[in-house]
Amino acid sequence: MTFAPTRPLGATRNRFLGAVYARNSGAVMSRGLLATRSSNAAIVVSGFFEPVFYLLSMGIGLGALVGTVVTTTGQEVSYAAFIAPALLAVSAMNGAIYDSTWNVFFKMNYAKLYEGMLTTSLGPLDVALGEIGLALLRGVLYALGFLIIMQSLGLNLSWTAILALPAVVLIAFGFASLGMAVTSYLTTFQQMDWINFVMLPMFLFSATFYPLSVYPEPIQLVVQALPLWHGVELIRGLTTGALSVALLGHVLYYVVMIAIGLVFTTSRLKKLFLD
């Protein structure tokens, strides 16, 4: 009696992973960086200044009238120190979202770039990670510049503010992965307007400019479900030195957000261009 040779479990996994991932997402990032340098570098740089203007006009200008604000953890800080970490989270969100939505939408529906990429050895996960990596890089560059400005203005109140940089990476990764996942389902420029429709209220109502306690309790529950609120609270806790177990909850929120975004983006690209 003879038995057919069995395929090793590792080989089965590699074969399955090989259908979606060729371990070459760096090629997608390299192509994107070259395109950015040659065509729209000025646009990328201009996106950095929006939160800076908000900080100067509201944090310093309006802050002179507001005085101090009490944070969620009970700390009393200047108004500028209150909104600066929130604007840092916004900066990471904006950089990640702009690259993972509008740029991805054009490449997917008009340039037909991904269709060409997926005729090569690249898989959907390579494309997803490459594009998310580009968006992540933009978000981190925005946030790094803003963090330096915060330091120069004396708005980082604790040495733990240095941990805000890896936290920014996490926030940008979360928004980039989810942004690309959503964009993969959109087909017209009119539908893209929904992204701004969602981002603007989230920017205004995520305890960015005033404490969560000013809202009625039912509205507080809605605010606490927003991804930007978790980013704001995470960064604010690190820059003010208010470390607590709650920060781990904010981190977990973004880990789940990243996983959902990657799964949906990869499956959507596979369905659109390979199935």
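This is a predicted model: local features need pLDDT of at least 70, side-chain atom pairs count only at pLDDT 80 or more; totals for chains, interfaces and linings use all residues.
A salt bridge is counted where a side-chain nitrogen of Lys or Arg lies within 4 Å of a carboxyl oxygen of Asp or Glu.

The whole structure contains 2 salt bridges. Lys107 and Glu131 are also joined by such a bridge, at 3.1 Å from N to O. Because Lys107 lies in helix α4 and Glu131 in helix α6 (residues 124-152), this pair ties together parts that are 24 residues apart in sequence. Lys107 counts as buried, with 13% relative accessibility, and so does Glu131, with 3%.

A search of the whole structure gave 13 aromatic pairs. One of them is formed by Phe105 and Tyr110, whose ring centres are 6.0 Å apart with 55° between the planes, a tilted arrangement. Phe105 is buried, having a relative accessible area of 0%, whereas Tyr110 is partly exposed at 45%. Tyr210 and Tyr215 form an edge-to-face pair, because their planes meet at 65° and the class begins over 60 degrees; the ring centres of this pair are 5.9 Å apart. Tyr210 is partly exposed, with a relative accessible area of 32%, while Tyr215 counts as buried at 11%. Phe105 and Tyr110 also belong to an aromatic cluster, together with Trp102, Phe106 and Phe189.

The second largest pocket has a volume of about 250 Å³. Its lining comprises 15 residues, of which Ile97, Leu178, Val182, Ile195 and Val198 are the closest to the centre. At least two lining residues come from each of the helices α4 (79-109), α7 (164-183) and α8 (189-205). Helix α8 makes the greatest contribution, with 6 residues. By residue class, the lining of this pocket consists of 12 nonpolar and 3 polar residues, with no charged residue.

Note on methods:
Residues are numbered from 1 along each chain as its sequence is written. Side-chain values use heavy atoms; hydrogens and water are left out. On a 1 Å grid over the protein atoms alone, a cavity is a set of points where a 1.4 Å probe fits but cannot get out, and a pocket is an open set with protein on both sides within 12 Å along at least five of seven lines; lining residues have an atom within 4 Å of a point. Grid points are joined across faces, edges and corners, and a volume is the space filled by probe spheres set on the points. Helices (H or I, at least four residues) and strands (E, at least two) are DSSP runs, numbered from the N terminus. Ala, Val, Leu, Ile, Met, Phe, Trp, Tyr, Cys and Pro count as nonpolar, Asp, Glu, Lys and Arg as charged, and the others, Gly among them, as polar. Rings of Phe, Tyr and Trp (its six-membered ring) pair if their centres lie within 6.5 Å; planes under 30 degrees apart count as stacked, over 60 as edge-to-face and the rest as tilted. Buried means under 20% relative accessible area, exposed over 50%, partly exposed in between (1.4 Å probe, protein chains only).
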